[in-house]
Amino acid sequence: MSRDAAISRVTDYFEAGQFQSDLADLVTYRSESQSDAPEARSECQRYLEQAMLPRLNALGFNCEIIDNPDPRGGPLLIGERVEGDDLPTVLTYGHGDAVLGQDGMWRDGLSPWKIVEEGDRLYGRGTADNKGQHLINIAALEAVVAERGSLGFNTRIVLEMSEEVGSVGLPEVFKAYKDRLTADVLIASDGPRLQPDVPTMFMGSRGGTTFDLVVETHEGAHHSGNWGGLLSDPAMILAHALACITDVRGQIKVPEWRPDSLTDSVRAALRDLPVAGGQGPAVNPDWGEEDLTPAERVFGWNSFTVLAMVSGVPDAPVNAISGWARATCQLRYVVGTDPEDVVPALRRHLDAHGFENVEIRCHDRGFFAATRLDPEHPWAQFVGDSIRKTSGELHVLPNLAGSLPNDSFTDILEVPTIWVPHSYRGCSQHAPNEHVLKPVCRDALRVMAGVFWDLGEQGGPKS
């Protein structure tokens, strides 16, 4: 009965092919929370009832599946495994919903709802985001229980089916069930490692707000020869409006969108972190805030993105001036940005530049606020030391560049949050050909078994 034996046990689970088999089963659930189809809602329910509940019950969890108080959201599972009133309590989390499968857009030989193995890659929707990640953590808990006979701490779990639509309903559930979800720390997994071969730990995330910018100048489309020079071009107006939000290299020009939280301590934490190399697209060193390093731009600063834009009928253009143009935009923001002022600040900025006719339409979905925990926090130090003991190396981020429902944990449940991601940046999450790397999954299983073993043995940080 030892730490090495627990890690060996979970390694055998991977090398015997059981992890791949279990993940293949999870991928078959078409749990598309972004779909309006009734069968998508039932698949989300079935994922919790058939894939998660039996396994968690076998692990000693008492679980309940509850309806989402928000009609836009899917069901949630909350569970608890109690070993002693005098023991620390660890909360963990995952989401079983996935973005749209995008059937027909994957390359030949691949399907979103069936695992396909090619070399070190396991393809399938949800493999990286997030089915594979919470499967790793559950399997690591199982390995510790099998080796020790107990965890040595109490555990609570939340599995939601609405993360990909902004975790709608999650704050309300946390408020209603707070007594059943309080804990000493959250240890969960989502997002990517900075590099595939080195574990990453982060303690918060950037926030995100999505909205449309719309210009409507006249009704219908009109012949560009007869009306060119007489009718306003909405696409041209929208292009100039977008150009006043950032400069040509993407530097933000809205004053309230430029945060004041990139402190010396945050800069120090980001100083040696890699953002280039490994797998994934090449980083453009000349994009973003000129006076910041690439790591500071993505982890310590805000970024504005045009996700999509359209005017007329791009697939079948005609000689006509469209009456409208639309751009779907997003601001990813760090601590130090007022989320309630993101849209009002943009309105003021557009008006000041003469774009009163550009309408801002906020998306009717939840959004995540920015959060950040000090890397020197005792729980961050404890988990970091455990990971280094297993892997030797660790990248530590004050916050993830992406967005998570971390604010519900920090602001409602009031727990310190530690995230240990089990994917990598080239995984194609939210896109066709999503996949995980088998070496990353193997290493992650070992890392998490070590973390959970150390927690049960030491009881968490001493200060």
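View 1. Phe202 has 0% relative accessibility, so it counts as buried (buried means under 20% relative accessible area, exposed over 50%, partly exposed in between, with a 1.4 Å probe and protein chains only). Trp419 is buried too, with a relative accessible area of 0%. This is a predicted model, where local features need pLDDT of at least 70 and side-chain atom pairs count only at pLDDT 80 or more, while totals for chains, interfaces and linings use all residues. Residues are numbered from 1 along each chain as its sequence is written, and side-chain values use heavy atoms, with hydrogens and water left out. Phe202 and Trp419 make a stacked aromatic pair, 6.1 Å centre to centre with 0° between the planes. (Rings of Phe, Tyr and Trp, the last by its six-membered ring, pair if their centres lie within 6.5 Å; planes under 30 degrees apart count as stacked, over 60 as edge-to-face and the rest as tilted.) Phe202 belongs to strand S9 (residues 200-202) and Trp419 to strand S17 (residues 417-419), so the pair links parts of the chain 217 residues apart. (Helices are DSSP runs of H or I with at least four residues, strands are E runs with at least two, and both are numbered from the N terminus.)

View 2. How many aromatic pairs does a search of the whole structure find? There are eleven, and one of them joins Phe174 to Phe409, at 5.0 Å centre to centre and 65° between the planes. Phe174 comes from helix H5 (residues 170-176) and Phe409 from helix H13 (residues 406-413), 235 residues apart. Phe174 is buried at 0% relative accessible area, and Phe409 is buried at 0% as well.

View 3. Skipping neighbours within four places in sequence, Ile187 is in contact (heavy atoms within 4.5 Å) with Val90, Leu91, Thr92, Val383, Ile418, Met448, Val451 and Leu455.

**View 4. Two arginines lie over aromatic rings.** Arg148 is over the face of Trp453, 3.8 Å from the ring centre. Arg107 does this with Tyr123, at 5.3 Å from the ring centre. (A charge sits over a ring if NZ of Lys or CZ of Arg is within 6 Å of the ring centre and within 35 degrees of the ring normal.)

View 5. Arg361 and Leu213 are 148 residues apart in sequence, yet 6.4 Å apart in space, C-alpha to C-alpha. Leaving out neighbours within four places in sequence, Arg361 is in contact with Phe211, Asp212, Val214 and Glu216.
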